[in-house]
Amino acid sequence: MREEEVKGLDGEWLILLDNNVVERSDSAEEIFKLAKERYSDKDVIVTKVLSANASFY
Amino acid sequence: MKLLNYAFNYKKIISIDRVTKEEKIDFYPIVPCRFEWAGNSQAVEGLLDSGSIGIVIPMGLAKILNLELTEYKIPMKVVGRIVDRYIAKANLILGRGGRFVSIPDVDVSIPKEGETPVILGRKPIFELYTITFIEAEKRFIMEPYKKQ
């Protein structure tokens, strides 16, 4: 199994396309809207930069 | 519902502190998954979290899926504070790369405030799967639960 990694600011939302970051946002609402409006025909994944330093909420 | 075995490496996350710009490396048990509802769909990464009772998703995801939100009278307790929430149903598809498990009509909680990541808590994931965290190797295994 290969190791996957992602890099970004604490708590940042990312859109990944082929494991590359194509969009970043601090807002979940904005990132999911972008995923729907710009990438609905592509196999993108939305994720978040988790960090023990940043509260989830 | 046919369940499949899964084994995943923890995901390496390099987070940059917003103030100090210091980089920190952590490893998290992340499950590739997809939520679907009413013809809408989005692939996401869910944090496997035995400390959470159920599935939690952010409002932004609930909106693009067009989930039917219902006010829930019992708020969520998160990190020492109380947050009001909605509940809804959604279809959850685990896996990627052609090995999918579809779990229809799962209950999801949607906090009314904050920026929660997608959290895959105990219900239903830990009810359907026996999950072994091999922390020393930074990986975890999900095996369909079989009654002894």
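**Questions about a predicted model**

Reader: With 10 C-beta neighbours inside 10 Å, does A:Asn19 count as buried or exposed?
Author: This is a predicted model, and the label comes from a neighbour count. A residue is called exposed at 12 or fewer such neighbours. A:Asn19 has 10 C-beta neighbours inside 10 Å, so the label here is exposed.

Reader: Where does A:Asn19 lie, and what is its phi near?
Author: Look at the loop between β2 (13-17) and β3 of chain A, and you'll find A:Asn19 there. Most residues other than glycine have a negative phi. A:Asn19 isn't a glycine, yet its phi is positive, near 70°.

Reader: Which residue in chain B also has a positive phi without being glycine, and where does it lie?
Author: Go to chain B and find the loop between α1 (59-65) and β7 (70-78).

Reader: How exposed is A:Val21, and which residues does it touch?
Author: A:Val21 sits in strand β3 (residues 20-25) of chain A. It has 15 C-beta neighbours inside 10 Å, so it counts as partly exposed. Leaving out residues up to four places away in sequence, A:Val21 touches A:Leu14 and A:Leu16.

Reader: How far apart in space are A:Val21 and A:Lys7?
Author: Along the chain, 14 residues separate A:Val21 and A:Lys7. In space, C-alpha to C-alpha, the distance is 8.9 Å.

Reader: Which residues have the most contacts inside the largest nonpolar core?
Author: That core has 44 residues.

Reader: Which residue in β9 of chain B is the bridge partner of B:Val56?
Author: Strand β6 (residues 55-56) of chain B runs parallel to β9 (residues 101-111) of chain B, and two bridges join them. On the β8 (residues 81-94) side, nine bridges join β8(B) to β9(B), and those two run antiparallel. B:Ile87 stands opposite one residue of β9(B), and that residue is also the bridge partner of B:Val56: B:Ser109.

Reader: Which strands stand at the edges of the open three-stranded sheet in chain B?
Author: The order is β1-β12-β11, with antiparallel pairing. The two edge strands each have a single partner strand, so one side of each is left without a neighbour in the sheet. They are β1 (6-9) and β11 (129-134).

Reader: How much is the twist from one strand to the next in that sheet?
Author: Take β11(B) and β12 (residues 139-144) of chain B as one of the pairs: six bridges, in the antiparallel sense, with B:Thr132 partnered by B:Ile141. From one strand to the next, the twist averages 15°.

Reader: Which two residues does a cis peptide bond join?
Author: Most peptide bonds are trans. Here, though, the omega of one bond is about 5°, and its proline is in helix α2 (residues 122-128) of chain B. The bond joins B:Lys123 and B:Pro124.

Note on methods: Residues are numbered from 1 along each chain as its sequence is written. Chains are lettered from A and ligands numbered from 1 in the order in which they are written. This is a predicted model: local features need pLDDT of at least 70, side-chain atom pairs count only at pLDDT 80 or more; totals for chains, interfaces and linings use all residues. A nonpolar core is a set of buried Ala, Val, Leu, Ile, Met, Phe, Trp, Tyr and Cys residues joined through C-beta atoms within 7 Å. A residue is buried if 20 or more other C-beta atoms lie within 10 Å of its own, exposed if 12 or fewer, and partly exposed in between; C-beta atoms are placed from the backbone. Two strands pair if DSSP finds at least two bridges between them. Helices (H or I, at least four residues) and strands (E, at least two) are DSSP runs, numbered from the N terminus. Axes are lines fitted to C-alpha atoms, for helices over the stretch in contact, and angles run from 0 to 180 degrees between N-to-C directions. Two residues are in contact if their C-beta atoms, placed from the backbone, lie within 7 Å.
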